[in-house]
Amino acid sequence: MLDRLNQAMDHLEERLDQPLDVAALARVACTSEHHFRRLFSALAGMPLSEYVRRRRLTLAGADVLADRESLLDVAVRWGYGSNEAFARAFRAVHGVGPAQARRTGAVLRSQPRMSFRLVVEGSTTMDYRIVAKDVFHLAGRKARVPLVHEGMNPDIVAFVKSVDPATVRRIEALSDQEPRGVVNVSDDLAGSRAEGTELDYWHAVVTGAPVPDDLDSLPVAAGDWAVFRSSGAFPQALQHLWRDVFTQWFPSNPYEIRPGPEISQVRIAEGGGTADAELWIPVRRV
């Protein structure tokens, strides 16, 4: 998998002066566009679009300093339709406008070309199981919240506290299949997994029963799910498990993520410092 990802990065590098074609990159990597975007973000620590923007402006910086052609010609080559748009983007990355950089020979920032490799840091294994599920519904309450990579998410905490106990009991009563009980669900991430990215957060259950009209409901397609478990400090252990699934498990196994919600079930120990968690990721074999 890592070899194919690096072939896709070579393909991208050769075409940085052309419009970004994620579908073509996914074909080179022998995976779906959806999975390629998610896996790249997890491995690189930034969305694909942000990496491409930084690489283009790195190369544009070299063109600006070379002073062999007009700034407009440089702007057009790297995908900007005007000097103004190019100047804004250039300044956001390099901290100085292109005209000033050319006049003064300013110090510029560089986004190195990225490649991926497997680093073995220990002998830890990841336990998982694959569960096939028929069509089901999520039933409960949802809210649009920003993504937080580390620590508690205050928007989620406030949302969960806002759901009154009577409604929680009604939601719990609808649970009739794995994972049982109230679950935490992330869905409909807006474009990437960067910090602050908005997503739909669900405080809900998995059910095959009819969902009352006054509750939020989401139909979920039939398919396979990879299920992982973790125990440890809360919420760090669960956040690290999600990171390890994308940076270690997916590159090492013949599966890719498919569209669908990501479900976690957390059992917090008395005192709230630790928890047992189970993470359900929608997958398909490749």
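Where is the place of Pro 179?

**Figure 1. The cis peptide bond at Pro 179.** Pro 179 has its place in the loop between H9 and S3. The peptide bond that leads from Glu 178 to Pro 179 is cis, and its omega is near -15 degrees. The model is predicted: local features need pLDDT of at least 70, side-chain atom pairs count only at pLDDT 80 or more, and totals for chains, interfaces and linings use all residues. Residues are numbered from 1 along each chain as its sequence is written, and side-chain values use heavy atoms, with hydrogens and water left out. Helices (H or I, at least four residues) and strands (E, at least two) are DSSP runs, numbered from the N terminus.

**Figure 2. The chain as a whole.** Ten helices and nine strands make up the secondary structure elements of the chain. Its C-alpha atoms fill a box of roughly 70 × 40 × 35 Å, taken along the principal axes. Of the 286 residues, 47% count as buried; buried means under 20% relative accessible area, exposed over 50%, and partly exposed in between (1.4 Å probe, protein chains only). The chain exposes about 14600 Å², of which carbon and sulfur atoms supply 50%; accessible areas come from the Shrake-Rupley method with a 1.4 Å probe, and for residues only the protein chains shown count as cover. A contact means heavy atoms within 4.5 Å. Among contacts between residues at least 6 apart in sequence, 72% join residues at least 24 apart.

**Figure 3. The aromatic pair of Phe 228 and Trp 249.** The structure holds twelve aromatic pairs. One of them is formed by Phe 228 and Trp 249, which are edge-to-face at 5.1 Å centre to centre, with 80 degrees between the planes. This pair links distant parts of the chain, 21 residues apart: Phe 228 belongs to strand S6 (residues 223–233) and Trp 249 to helix H10 (residues 236–252). Rings of Phe, Tyr and Trp (its six-membered ring) pair if their centres lie within 6.5 Å; planes under 30 degrees apart count as stacked, over 60 as edge-to-face and the rest as tilted. Phe 228 and Trp 249 are both buried.

Figure 4. Why is the pair of Trp 249 and Phe 250 edge-to-face? The ring centres of Trp 249 and Phe 250 are 5.1 Å apart and their planes stand at 70 degrees, so the pair is edge-to-face. Trp 249 counts as buried because its relative accessibility is 3%, and Phe 250 counts as buried because its value is 1%. Ring pairs join Trp 249 and Phe 250 with Tyr 128, Phe 228, Trp 242, Phe 246 and Tyr 255 in a cluster.

**Figure 5. Arginine charges over aromatic rings.** The charged end of Arg 285 sits over the ring of Tyr 255, at 5.8 Å from its centre. A charge sits over a ring if NZ of Lys or CZ of Arg is within 6 Å of the ring centre and within 35 degrees of the ring normal.

**Figure 6. Surroundings of Leu 174.** Leu 174 is found in the loop between helix H9 (165–173) and strand S3 (183–187). With a relative accessible area of 14%, Leu 174 is buried. Neighbours within four places in sequence left aside, Leu 174 is in contact with Ala 139, Val 205, Val 206, Thr 207, Pro 210, Pro 212 and Leu 215. Leu 174 and Asp 188 are 14 residues apart along the chain, and their C-alpha atoms are separated by 23 Å.

**Figure 7. Surroundings of Phe 234.** Phe 234 occupies the loop between S6 and H10 and is partly exposed, with a relative accessible area of 23%. The residues in contact with Phe 234, apart from neighbours within four places in sequence, include Met 152, Val 266, Gly 272 and Ala 275. Ile 268 is also in contact with Phe 234; the C-alpha atoms of these two residues, 34 residues apart along the chain, are separated by 7.6 Å.

Figure 8. Cys 30 is not a glycine, although its phi is positive at about 60 degrees. Cys 30 lies in the loop between helix H2 (22–28) and helix H3 (33–44) and is partly exposed, with a relative accessible area of 49%. Asp 67, in the loop between helix H4 (48–66) and helix H5 (71–77), has a positive phi near 60 degrees.
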